[in-house]
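Here's a quick briefing on charged side chains and how they pair up. Have a look at the structure first, then read on.

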Amino acid sequence: MRPFWLALAFLTTFPVPRLGEVRPGEMRSASAFYPVAGYCLGGVLALAAWLTQALPDGLQGALLLALWLGLTGMLHLDGLLDCADALLAMKPPGDRLKILSDVHLGSFAFGVGFAHLLLKWQLLAWGPSPWLLLVLPAIVRFVLLVPMNFYPAARPEGLGARSREGRIGLALLFALPALALFPWQALAVLLAMLLLARWAAGRLGGGLSGDVYGALIEVGESAGLLMGVLLGAG
């Protein structure tokens, strides 16, 4: 169970047993359980959507967004904000990596963060299926393993670098029910995350960092919700 607990602790704020020091290779093993951690997150979101279905759409969307941010500790949002400042800066790749390490936020972070949260709130206010909310986090966290393992680490240190080259085959097994249930949403997630990963790698000298992984998750979730809206409208 230790790899699962590590994945849950890495990706969410759910309580986990005391894990102590992370040993070499353990984060790679934990990456196989990213989809399972996604199901845990999605289960809470789906239950919350069902319990709040009688509320006005805008209010329900705001509550679901706040819950989503709380359950992830805003870790992925923080990565998106840091990436906005770094990747949009007219600087060489080395300077962009330094910006990623800066705890301060600039105008790019505020602009991108506001637009992203506004979009995600509107997509949640549309009232996506609880089934989509259940499986979307699992889809996104499985797809994350593709760019995570395809691109090298932009920096050799950190949990992001230590999580690469995980057991993607086992992760696929866990994610198969979600992929089969919402294939078009999964395709939208894959395309959005791969396009962002390619652009980010080009801006950072060929590799990806943990902040980029967080940004990929945020963009992937919004892409999946958007595809759900488009299919529902059709």
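This is a predicted model: local features need pLDDT of at least 70, side-chain atom pairs count only at pLDDT 80 or more; totals for chains, interfaces and linings use all residues.

Arg 141 counts as buried, since its relative accessibility is 0%. Searching the whole structure turns up 3 salt bridges.

**Glu 218 and Lys 120**
- The side chains of Glu 218 and Lys 120 form a salt bridge, at 3.2 Å from N to O.
- Glu 218 sits in helix α13 (residues 210–233) and Lys 120 in helix α7 (residues 107–125), so this pair ties together parts 98 residues apart in sequence.
- Neither one is out in the open: Glu 218 and Lys 120 are both buried.

**Glu 221 and Lys 120**
- Lys 120 also meets Glu 221 in a salt bridge, with an N to O distance of 2.7 Å.

**Glu 221 and Arg 141**
- Glu 221 has a salt bridge with Arg 141 too, and their closest N and O atoms are 3.0 Å apart.
- Since Glu 221 is in helix α13 and Arg 141 is in helix α8 (residues 130–143), the pair ties together parts 80 residues apart in sequence.
- Glu 221 has a relative accessible area of 1%, so it counts as buried.

**Background**
- Side chains of opposite charge can pair when their charged atoms come close.

Definitions and conventions: Residues are numbered from 1 along each chain as its sequence is written. Side-chain values use heavy atoms; hydrogens and water are left out. A salt bridge is a side-chain nitrogen of Lys or Arg within 4 Å of a carboxyl oxygen of Asp or Glu. Helices (H or I, at least four residues) and strands (E, at least two) are DSSP runs, numbered from the N terminus. Buried means under 20% relative accessible area, exposed over 50%, partly exposed in between (1.4 Å probe, protein chains only).
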